[in-house]
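I'd like to walk you through a few helices and a handful of residues, so let me put it up on the screen.

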Amino acid sequence: MDAFLDLLVGGAGLDLWGFLLLCSVSFAGSLIAAAMGLGGGTLMLVTMALFLPPAVLIPVHGVVQFGSNFGRTVLMVRDVLSSIIPVFLIGTILGALIGGHLVINLPTSLLQAILAFFVLYATWAPKFQASSSGKRTFFGVGTIGAFATMFVGATGPLIAPFVSTASKERQQVVATLAMLMAIQHGFKIIAFGLLDFAFGPYIPLLVGLLAFGFAGTWSGKLMLNRLPEQIFRVGLKTILTLLSLRLLYSAAGGFLD
């Protein structure tokens with residue numbers, strides 16, 4: 001039994017309770033993301049930060065979020081707004097190339113503050129929303145999102161206002177955002193692999209988090225289908241605002257350190 005537990009959690013430096021807590025949060029985070037479109041990734045990131053060192057946090061979180069978003073995409077693929085995927089993909093590749101060379105010179109706190117103010121503006125400015133759903137916009141969003149995700153971790157709040165504007169129904173918002181985030185987290189995993197990050201010791205933890213995450217996604221999808229459209233839209237705006245304020249709080253802490 002001890003050997004099994006060591007295999008399960010030893011590589012990640014966790015005890016059994018830490019492993020179970022992270023799996024529970026993975027379920028809850030995926031349920032929230034499937035029901036409301038986003039929020040689960042940030043919840044997962046904040047919780048994982050309590051257990052994992054910074055050098056490990058972003059790549060491992062990227063794998064978990066790729067699995068969560070990919071599972072949501074598979075379950076809701078018919079609702080994906082496919083017309084914006086090619087330009088977003090091109091933007092993501094460009095942003096990853098630029099980010100690898102430039103963003104390392106930017107303080108994380110500054111990046112968090114910029115993203116927070118931008119998301120608040122994109123969420124609440126009517127004129128901005130009215131003109132933010134074209135393919136050219138999603139090329140730019142893909143570039144900026146890929147640029148930021150290597151260092152901020154959860155950039156769903158940056159992309160969500162544009163997806164919400166381009167989508168007619170809540171199912172389309174959730175499905176499209178899931179595919180876009182799966183693309184960006186996928187490229188992030190590849191980038192960390194090329195940087196020789198050792199994912200091996202964390203495989204048992206990742207298997208548990210991905211399994212619980214898929215169960216949460218399934219449950220959240222059922223909840224989404226029962227949500228009235230207006231409640232979903234109000235809830236999405238509320239979550240975007242709260243996450244932006246959380247980013248500002250983190251940025252302020254970084255500036256004061």
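So, L209: buried or exposed? It's buried, with a relative accessible area of 0%. Keep in mind that this is a predicted model. L209 sits in helix α11, and if you skip its neighbours within four places in sequence, its contacts are L22, C23, S26, M44 and V64. There's also S68, 141 residues away from L209 along the chain, with the two C-alpha atoms separated by 9.1 Å.

Now the helix around it. α11 runs over residues 203-224, which is 22 residues. From first C-alpha to last, α11 reaches 30 Å, close to the 32 Å expected at 1.5 Å a residue. Which residues of α11 are buried? Besides L209, they are L205, L206, G208, G213, G216, T217, G220 and L224. If you're wondering about the spacing, an α-helix has 3.6 residues a turn, so residues three or four places apart point the same way.

L222 and L31 are 191 residues apart in sequence, yet 9.5 Å apart in space, C-alpha to C-alpha.

Quick stop at T73, over in helix α4, residues 54-75. T73 has 7% relative accessibility, so it counts as buried, the cut-off being under 20%. Setting aside neighbours within four places in sequence, T73 touches V80, A175, A178 and M179.

Last bit: helix packing. Two packed helices are described by the angle between their axes and the distance between the axes. Take α9, residues 156-166, against α12, residues 229-256: the angle is about 155 degrees, and the axes are 10 Å apart. That makes α9 roughly antiparallel to α12, since the angle is over 145. The crossing is left-handed. Which residues make the contact? From α9 you have P157, A160, P161 and S164, and from α12 you have R233, L236, L240 and L243. Sorted by class, that's six nonpolar residues, one polar and one charged.

And how many residues of α9 are buried? Ten of the eleven, so α9 is largely enclosed by the rest of the structure.

Note on methods:
Residues numbered from 1 in each chain as written. Predicted model: local features only at pLDDT ≥ 70, side-chain atom pairs only at ≥ 80, totals over all residues. Heavy atoms only, no water. Axes fitted to C-alpha atoms, helices over the stretch in contact; angles between N-to-C directions. Helix = DSSP H or I, 4+ residues; strand = E, 2+ residues; numbered from the N terminus. Parallel < 35°, antiparallel > 145°, perpendicular 65-115°, else oblique. Left-handed = near helix turned anticlockwise from the far one by under 90°. Contact = heavy atoms within 4.5 Å. Nonpolar A, V, L, I, M, F, W, Y, C, P; charged D, E, K, R; others polar. Expected span 1.5 Å × (residues − 1). Buried < 20%, exposed > 50% of the residue type's maximum accessible area, 1.4 Å probe, protein only.
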